[in-house]
Amino acid sequence: MAVNQDRVSRILAVLSHPLRREILENLSEKGELSFTDLMNSLGVDTGKLSFHIRNLTAFLEQTPTGRYRLSKIGEHAISL
């Protein structure tokens with residue numbers, strides 16, 4: 001199976017930011033967190049967290065109650 005280098009580059013670009021990795025690590029450790037829980041845990045403001053969550057859409061999913069958790073891709077990324 002051929003590796004799509006452009007896709008790999010986009011994934012690595014998303015994961016290159018330390019705050020995005022922290023978001024993934026927090027969710028890996030705690031399972032599910034609300035936006036406010038993430039904001040308080042990371043010590044960032046609403047705008048900053050919103051920006052980074054938008055960049056992590058492939059790695060996250062929202063529960064019916066609006067909490068965030070890792071998607072399958074997010075689980076694989078955190079194992080790296």
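Author: Leu-19, Arg-20 and Ile-23 of α2 meet Lys-48, Leu-49, Phe-51, His-52 and Asn-55 of α4. This is a predicted model, where local features need pLDDT of at least 70, side-chain atom pairs count only at pLDDT 80 or more, and totals for chains, interfaces and linings use all residues. Residues are numbered from 1 along each chain as its sequence is written, and side-chain values use heavy atoms, with hydrogens and water left out.

Reader: Why are α2 and α4 called roughly perpendicular?

Author: α2 and α4 pack at about 80°, with axes 10 Å apart. Angles of 65 to 115 degrees count as roughly perpendicular, and α2 and α4 are therefore roughly perpendicular to each other.

Reader: How do you know that the buried residues of α4 are on the same side?

Author: Leu-49, His-52 and Ile-53 are buried in α4, meaning under 20% relative accessible area with a 1.4 Å probe, protein chains only. They cover an arc of only 105° around the axis, so they are on the same side of α4. The arc is taken from the directions from the helix axis to the C-beta atoms. The buried residues of α4 pack against α2, α3, β1 (60-62) and β2.

Reader: Which element gives the most to the largest nonpolar core?

Author: The largest nonpolar core has 19 residues, and α2 gives the most, with four residues. Such a core is a set of buried Ala, Val, Leu, Ile, Met, Phe, Trp, Tyr and Cys residues joined through side-chain atoms within 4.5 Å.

Technical notes:
Buried means under 20% relative accessible area, exposed over 50%, partly exposed in between (1.4 Å probe, protein chains only). Helices (H or I, at least four residues) and strands (E, at least two) are DSSP runs, numbered from the N terminus. Axes are lines fitted to C-alpha atoms, for helices over the stretch in contact, and angles run from 0 to 180 degrees between N-to-C directions. Angles under 35 degrees count as roughly parallel, over 145 as roughly antiparallel, 65 to 115 as roughly perpendicular and the rest as oblique. Contact means heavy atoms within 4.5 Å.
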